[in-house]
Amino acid sequence: MSIFSENIRLLRGTLGKTQRELSQQIQITSSRYSSYENGKSKPPVDVLIRISRIFNVSIDLLLSVDLTKHSLKDMLKLPDNRIVLPVVVDQQGNESIEIVPQKATMGYLRGYSDPDYIESLQTISLPFLKNGKFRAFPADGDSMPPFKDGSFIIGKYMEGVNDLKSGNTYVFITLNDGITYKRLRAKNKTSLTVASDNTFYEPYDIPLNEIVEVWQYATGIFPEDF
């Protein structure tokens, strides 16, 4: 059977529905739905969209990722079920470091999962940064000295919250606050406690369900008068 067939069989099981119940929800016959699970036929685009919405899983994942190899509980918490990180490579196939514009941070929140948006960003190359995917984010305010307006934080992409370590600094991409750079104080059951290095600001919690991406501090780009 195809990846798609295995995936919808798995997801139907997580919902506790029979083929007949799910086919009624999709608005097709049970025999037609059964042919999808058995790999005998493929759904047209309109049916595929309905299936995606019922399972709350992107079409990309339904068709291309073996969901049996991933934690559904963790994956379904992501806003777009994204597993693959859009990247930019040069003509030699080397990954570039994309620079998120200083005046367009909210644009990143809308386009972080869009390959076309990521490809539109300016890039730089820093050969000494290896073994990971890196991206540059603008600093804002005075909460994390020595970074200030005009400087950039280059972060290394983190695959999951379990990889984060207390005491390290990270760029958090969140649904409510956009891009924020803070030091991790503690990992809680449903949130992360973060703090500014500038003690004028109080520590606070970021709910896990608001986190879109996390990038660990790797190096910085500072203005001329640093």
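Which residues of the largest nonpolar core touch the most other members?

**Entry 1: the model.** I note that this is a predicted model, in which local features need pLDDT of at least 70, side-chain atom pairs count only at pLDDT 80 or more, and totals for chains, interfaces and linings use all residues. Residues are numbered from 1 along each chain as its sequence is written, and side-chain values use heavy atoms, with hydrogens and water left out.

**Entry 2: the cores.** I returned to the opening question and found that Tyr108, Phe137, Val171, Ile173, Ile179 and Trp215 touch the most other members of the largest nonpolar core, which has 19 residues. Helix 7 (105–111), helix 8 (115–120), strand 4 (152–157), strand 5 (169–174), strand 6 (178–187) and strand 9 (211–221) each give this core at least two residues. A nonpolar core is here a set of buried Ala, Val, Leu, Ile, Met, Phe, Trp, Tyr and Cys residues joined through side-chain atoms within 4.5 Å. Buried stands for under 20% relative accessible area, exposed for over 50%, and partly exposed for what lies in between (1.4 Å probe, protein chains only). Helices (H or I, at least four residues) and strands (E, at least two) are DSSP runs, numbered from the N terminus.

I then looked up isoleucine 179. Neighbours within four places in sequence aside, isoleucine 179 is in contact with Val100, Thr105, Tyr108, Phe137, Val171, Phe172 and Ile173; contact means heavy atoms within 4.5 Å. I also recorded a second, separate core of 17 residues, with Ile26, Leu62, Val65 and Leu67 among them. In soluble globular proteins, nonpolar side chains tend to be buried together.

**Entry 3: the chain as a whole.** I counted eight helices and nine strands in the protein chain. The chain has 226 residues, of which 41% count as buried. Of the contacts between residues at least 6 apart in sequence, 58% join residues at least 24 apart.

**Entry 4: salt bridges.** How many salt bridges does a search of the whole structure find? The search gives six, a salt bridge being a side-chain nitrogen of Lys or Arg within 4 Å of a carboxyl oxygen of Asp or Glu. I noted that Arg9, Arg12 and Glu37 are linked in a network of these bridges.

Glutamate 37 meets arginine 9 at 4.0 Å, N to O. That pair links distant parts of the chain, with glutamate 37 in helix 3 (residues 30–37) and arginine 9 in helix 1 (residues 3–15), 28 residues apart. Glutamate 37 is buried at a relative accessible area of 0%, while arginine 9 is partly exposed at 32%.

Glutamate 37 also forms a salt bridge with arginine 12, where the closest N and O atoms are 2.5 Å apart. Because glutamate 37 lies in helix 3 and arginine 12 in helix 1, this pair ties together parts that are 25 residues apart in sequence. Both glutamate 37 and arginine 12 are buried.

I looked up another bridge, between aspartate 46 and arginine 50, with the closest N and O atoms 3.8 Å apart. Both residues lie in helix 4 (residues 45–55), four residues apart, about one turn of the helix. Aspartate 46 is partly exposed at 44%, and arginine 50 is partly exposed at 26%.

**Entry 5: helix 1 against helix 3.** I found that the two helices pack at an angle of about 120°, with their axes 7 Å apart. The axes are lines fitted to C-alpha atoms, for helices over the stretch in contact, and angles run from 0 to 180 degrees between N-to-C directions. Helix 1 is therefore oblique to helix 3; angles under 35 degrees count as roughly parallel, over 145 as roughly antiparallel, 65 to 115 as roughly perpendicular and the rest as oblique.

On the helix 1 side, Phe4, Ser5, Ile8, Arg9 and Arg12 meet Tyr33, Tyr36 and Glu37 of helix 3. In helix 3, Tyr33, Ser34, Ser35, Tyr36 and Glu37 are buried, and their cover includes helix 1, helix 2 (19–26) and helix 4. Just after helix 3, glycine 39 takes a positive phi of about 75°.

**Entry 6: backbone details.** The peptide bond from proline 145 to proline 146 is cis, with omega near 10°. I placed proline 146 in the loop between strand 3 (134–138) and strand 4. Glutamine 27 has a positive phi near 75° and lies in the loop between helix 2 and helix 3. Is glutamine 27 buried or exposed? At 63% relative accessibility, glutamine 27 counts as exposed.
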